[in-house]
Amino acid sequence: MDALIRQTYPVASADYTSAGQASGDIKRRLKKLGIGGDVLRRVSVASYEVELNLVIHSLGGELTLSVYPEYVELVSRDVGPGIPDLSLAMREGWSTASDEARSLGFGAGMGLPNMKRNASDFEIKSEVGVGTEITMKFNLA
Amino acid sequence: MTVSEVRELIQGESLTPEVPEEKEVLCGYACDLLSWVMAHGDEGMAWVTVQTHLNVVAVAVLSDMACIILPEGIRMEEESLKKATGEGMCVLTSPLTTYEICFRLMTSGIPPHVQ
């Protein structure tokens with residue numbers, strides 16, 4: 001099935017000034033397609049969390065938005081460093097954020113659990129030294 | 001209650017005078033941990049925080065909040081205000097503490113969650 005929209009956003013490591021730009025653009029694009037309400041809010045929250053995770057934790061990566069007739073898909077891929085213990089990373093309150101990130105109010109350890117809560121489907125794969133890939137789907141119906 | 005009425009209630013001043021204040025405030029919240037706010041933020045929320053950097057505006061906009069409230073006369077960086085204005089997000093500053101602001105919001109009937 002072809003996507004109605006596919007857009008990839010590069011996200012740089014530790015670039016707190018631009019953080020949120022990809023999520024903002026995703027929200028605007030979805031709004032233009034007439035997607036609103038609860039789905040739009042859930043995609044917005046999850047896209048911001050995953051974008052911030054790339055900024056705070058990764059060595060750089062990209063976020064891809066795809067819109068299909070029945071669902072919205074967000075895929076985040078980074079080039080490392082990878083997560084050694086996924087079950088620990090998924091636990092609310094667990095965070096390895098830097099002091100800089102914490103000083104800005106991040107690092108509450110809510111990112112991954114929050115993505116999982118907001119997405120209809122959530123999948124995470126990670127390999128230390130290789131990278132992390134997160135796929136989220138949001139049903140439109 | 002509208003953002004404009006909330007501004008009067010908390011003796012506030014708008015730092016984004018170009019942004020209309022007619023949005024309806026549906027609930028209130030106070031927290032400075034952004035990822036915590038992302039998890040608990042809601043539509044129409046009046047969010048009290050001492051954080052003033054650009055990401056605060058992004059969180060408020062993405063959660064469809066009604067306004068950001070800075071307590072104790074805190075001001076916001078020009079860059080953040082420019083972004084807030086561009087996104088139509090109202091930023092208020094109040095001389096009151098977070099505790100007093102929340103008390104006034106609650107006793108005026110603004111609930112912690114959208115009803």
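Start with the crossing of H1(A) and H2(A), which is right-handed, a crossing being called right-handed if the near helix is turned clockwise from the far one by less than a right angle, and left-handed if anticlockwise. To find the pair, select residues 21-32 of chain A for helix H1 and residues 37-57 of chain A for helix H2, which pack at an angle of about 160° with their axes 9 Å apart. H1(A) is therefore roughly antiparallel to H2(A), since angles over 145 degrees count as roughly antiparallel, those under 35 as roughly parallel, 65 to 115 as roughly perpendicular and the rest as oblique. The axes are lines fitted to C-alpha atoms, for helices over the stretch in contact, and the angles run from 0 to 180 degrees between N-to-C directions. Helices (H or I, at least four residues) and strands (E, at least two) are DSSP runs, numbered from the N terminus.

What you have open is a predicted model, in which local features need pLDDT of at least 70 and side-chain atom pairs count only at pLDDT 80 or more, while totals for chains, interfaces and linings use all residues. Residues are numbered from 1 along each chain as its sequence is written, and chains are lettered from A and ligands numbered from 1 in the order in which they are written.

Next, show the side chains between the two helices. From H1(A), select Ala22(A), Ser23(A), Ile26(A), Lys27(A), Leu30(A) and Lys31(A), which meet Leu40(A), Val43(A), Ser44(A), Ser47(A), Tyr48(A) and Glu51(A) in H2(A); contact here is taken as C-beta atoms, placed from the backbone, lying within 7 Å. The residues of this contact of H1(A) with H2(A) comprise six nonpolar, three polar and three charged, where Ala, Val, Leu, Ile, Met, Phe, Trp, Tyr, Cys and Pro count as nonpolar, Asp, Glu, Lys and Arg as charged, and the others, Gly among them, as polar.

Now turn to the sheet of chain A, an open one of five strands in the order E1-E2-E3-E5-E4 with antiparallel pairing; two strands are said to pair if DSSP finds at least two bridges between them. Its edge strands are E1 (5-11) and E4 (121-127) of chain A, each of which pairs on one side only, and the twist averages 10° from one strand to the next.

Centre on Leu65(A) to see Leu74(A) of E3(A) opposite. Stay on E3(A) and colour its two faces: Val72(A), Leu74(A), Ser76(A) and Asp78(A) make up the covered face, whereas Tyr71(A), Glu73(A), Val75(A) and Arg77(A) make up the uncovered one. From there, follow Arg77(A) to Glu133(A), which stands opposite in E5(A); E3(A) and E5(A) are again antiparallel, over seven bridges. E5 (residues 131-139) of chain A is joined in turn to E4(A) by seven bridges, also antiparallel, and there Ser126(A) has Thr132(A) as its bridge partner.

Some single residues deserve a stop. In the loop between E3 and helix H3 (86-89) of chain A, select Pro81(A), where the peptide bond from Gly80(A) is cis, with omega near 10°. Then return to H2(A) for Asp38(A), which counts as exposed because it has 10 C-beta neighbours inside 10 Å; a residue is buried if 20 or more other C-beta atoms lie within 10 Å of its own, exposed if 12 or fewer, and partly exposed in between, with C-beta atoms placed from the backbone. Asp38(A) and Asn118(A) are 80 residues apart in sequence, yet 9.7 Å apart in space, C-alpha to C-alpha.

Finally, move to chain B. Select Asp64(B), in the loop between helix H3 (54-62) and strand E4 (67-70) of chain B: Asp64(B) has a positive phi of about 60° although it is not a glycine, and counts as buried, with 20 C-beta neighbours inside 10 Å. Glu72(B), in the loop between E4 and helix H4 (78-87) of chain B, likewise has a positive phi, of about 50°, although it is not a glycine, but with 13 C-beta neighbours inside 10 Å Glu72(B) counts as partly exposed.
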